[in-house]
Amino acid sequence: MAERAFLISASEYDTKALLWAWQWRVPPSFTPLFVSVMGDWVFGAPDGSLYALSMLDGDLFRIAQNAAEYHAAKENERWLDQTFAAGWSVIARAHGLVPGKDECLAWISPPALGGPFEVSNLRVSSMLVWQTLMGQLHEALTARDGR
């Protein structure tokens with residue numbers, strides 16, 4: 001099996017299907033640009049800035065003021081790890097967890113529900129299933145916590 005790139009262009013996906021459960025969090029004016037092997041997203045905002053959507057905590061946050069800043073930052077492994085938990089893809093690959101294009105790495109017990117950050121808690125999942133589950137989970141947690 002060919003190794004999946006860490007970030008894949010969102011144009012390779014049916015973004016409408018993948019993001020329907022995130023409509024509560026992602027403004028309709030944002031353009032999906034990339035999706036990571038962990039299921040995290042990179043969006044372009046109308047002002048040219050870039051945002052990430054985290055599957056870990058459901059947050060949508062600015063990661064770059066413009067494309068040039070983003071392209072420079074994504075060459076830095078520490079930035080990738082801090083922004084997208086990229087180190088887990090390396091750990092997962094070393095343990096034989098290699099998702100295909102329509103798959104991602106997913107937490108068996110999501111950390112947002114107290115699941116451990118351990119390789120034994122990782123699995124390969126359908127991208128559509130993971131996006132749907134995490135969108136619904138984080139929406140419910142946000143409503144519960146009043147965020």
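Let me start with a convention: Lys and Arg count as positive, Asp and Glu as negative, and His and the chain ends are left out. On that count, the chain has 11 positive and 16 negative charges. Their mean positions lie 2 Å apart. Keep in mind that this is a predicted model.

Now the overall fold. We have five helices and seven strands. Along the principal axes, the C-alpha atoms fill a box of roughly 40 × 35 × 25 Å.

How much of the chain is buried? Of the 147 residues, 46%. The accessible surface is about 7,600 Å², and carbon and sulfur atoms make up 54% of that. Next, contacts. Take those with a separation of 6 or more: 53% of them join residues 24 or more positions apart.

On to helix α3, residues 77-84. Which of its residues are buried? Trp79, Leu80, Thr83 and Phe84. These four cover an arc of only 100 degrees around the axis, which puts them on the same side of α3. Look at the other side of α3, and you find Glu77, Arg78 and Gln82 exposed. What does the buried side pack against? Three strands are on the list: β3 (41-44), β4 (50-53) and β5 (60-64). Helix α2 (67-73) is there too.

Step past α3 and stop at Ala85. Ala85 sits in the loop between α3 and α4. Here is the point to check on screen. Most residues other than glycine have a negative phi. Ala85 is not a glycine, yet its phi is positive, about 55 degrees. Is Ala85 buried or exposed? Buried: the cut-off is under 20% relative accessible area, and Ala85 has 14%.

Next, helix α4, residues 87-94. Trp88, Ser89 and Ala92 are buried here. Seen down the axis, the buried residues of α4 fall within an arc of 100 degrees, so they line one face of the helix. Their packing partners are β6 (103-107) and β7 (122-126). Just after α4 comes Gly96, with a positive phi of about 80 degrees.

That brings us to strand β7. I picked two residues from it.

Leu122 is in β7. Its relative accessibility is 5%, and Leu122 counts as buried. What does Leu122 touch, leaving out residues up to four places away in sequence? Trp88, Ala92, Leu97, Ala106, Trp107 and Ile108. Phe34 is 88 residues from Leu122 along the chain, and their C-alpha atoms are separated by 22 Å.

The second one is Ser125, also placed in β7. Ser125 counts as buried at 4% relative accessibility. Again skipping residues up to four places away, Ser125 touches Asp102, Glu103, Cys104, Ala106 and Trp130. Ala106 is on this list, and Ala106 is on the list for Leu122 as well.

To wrap up, two pictures to take away. Helix α3 has its buried residues against β3, β4, β5 and α2. Helix α4 has its buried residues against β6 and β7.

Technical notes. Residues numbered from 1 in each chain as written. Predicted model: local features only at pLDDT ≥ 70, side-chain atom pairs only at ≥ 80, totals over all residues. Heavy atoms only, no water. Helix = DSSP H or I, 4+ residues; strand = E, 2+ residues; numbered from the N terminus. Buried < 20%, exposed > 50% of the residue type's maximum accessible area, 1.4 Å probe, protein only. Contact = heavy atoms within 4.5 Å. Areas by Shrake-Rupley, 256 points an atom, 1.4 Å probe, with all protein chains shown as cover. Charge placed at Lys NZ, Arg CZ, Asp CG, Glu CD. Arc of directions from axis to C-beta.
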